[in-house]
Amino acid sequence: MEKDLNEKVKRSWNDNAASWVNAVRSEALESRRLVTNDAILKTVLRLNGQRILDVGCGEGWLSHKLMEAGHVVAGFDSSSELVEQARRRTDAKFFVLSYEEFARAPYSVGHDFDIAVCNFSLLGETIAPLLRSLHQVIRPAGHLLIQTVHPFTASEKLPYQDGWREETFEGFPGEWSAMPWYFRTMSSWMREVISAAWHIVEWQEPLHPVTGKPTSLILEAKH
Ligand SMILES: C[S@@+](CC[C@H](N)C(=O)[O-])C[C@H]1O[C@@H](n2cnc3c(N)ncnc32)[C@H](O)[C@@H]1O
């Protein structure tokens, strides 16, 4: 069952690729425009790492910004459609690779990265193998950054417990097919990161400027 859901997650990013590219590049997503893009960029830049790995890079906006800022960037994603778009956008090195494939052969994307960034890209139930395998390509004293929907805001109308949910992309411009995704509570996120032998050193809860609610959670962890 979990395997089927994971496959559905991956498939949906190819199915929704055109709408996703349009939504990201036209800045149609308010939370990204007002809060979360800047929040993750500032966090990466503050850490002063040169070599960045963009995990679940999508259409490559973050890789592009980091390349512009003078970083060396590699990214990978299971969606061939989105990787194609990323390659057209910037000269970072991009790989069509699922997290499961990466966990079996981490060096295939390079090594000695200073920072791995997962920006809204951890959507499945089993993430520990990916998080553990990132140790092999991040240099000692390097960082792991995870930005995700804030667990409190995402559960206002639903029970606060881990489990699969469905994203229907309601309110997003364009045509979308629904995608399963795995909701985690705050403590569940902490547990996943800690159990993969990363040391959480900081977390941020960027607020929406109008509602005052936390828009996302950013976890910062070290080797
Ligand atoms: C919400 S998008 C975020 C993309 C990008 N990080 C950004 O900030 O725009 C989630 C991304 O995670 C990728 N993804 C989800 N599950 C994956 C998996 N098992 N292996 C590789 N990529 C995956 C999807 O293909 C998609 O590009």
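Tutor: A residue is called buried when its relative accessible area is under 20%, exposed when it is over 50%, and partly exposed in between, using a 1.4 Å probe and protein chains only. This is a predicted model, in which local features need pLDDT of at least 70 and side-chain atom pairs count only at pLDDT 80 or more, while totals for chains, interfaces and linings use all residues. Residues are numbered from 1 along each chain as its sequence is written, and side-chain values use heavy atoms, with hydrogens and water left out.

Student: Which residues of helix α8 are called buried?

Tutor: In helix α8 (residues 186-195) they are M186, S188, W189, M190, E192 and V193, so each has a relative accessible area under 20%. What covers these residues includes α7 (128-134), β5 (138-149), β8 (199-204) and β9 (216-222).

Student: How do you know that β4 and β5 pair?

Tutor: Two strands pair if DSSP finds at least two bridges between them. Strand β4 (residues 113-119) and β5 have six bridges, in the parallel sense, and therefore pair. Within this pairing, F113 stands opposite I138 in β5.

Student: What makes β3 and β8 stand at the edges?

Tutor: The open sheet of seven strands has the order β3-β2-β1-β4-β5-β9-β8. β3 (93-96) and β8 each have a single partner strand, so one side of each is left without a neighbour in the sheet.

Terms used
Helices (H or I, at least four residues) and strands (E, at least two) are DSSP runs, numbered from the N terminus. Contact means heavy atoms within 4.5 Å.
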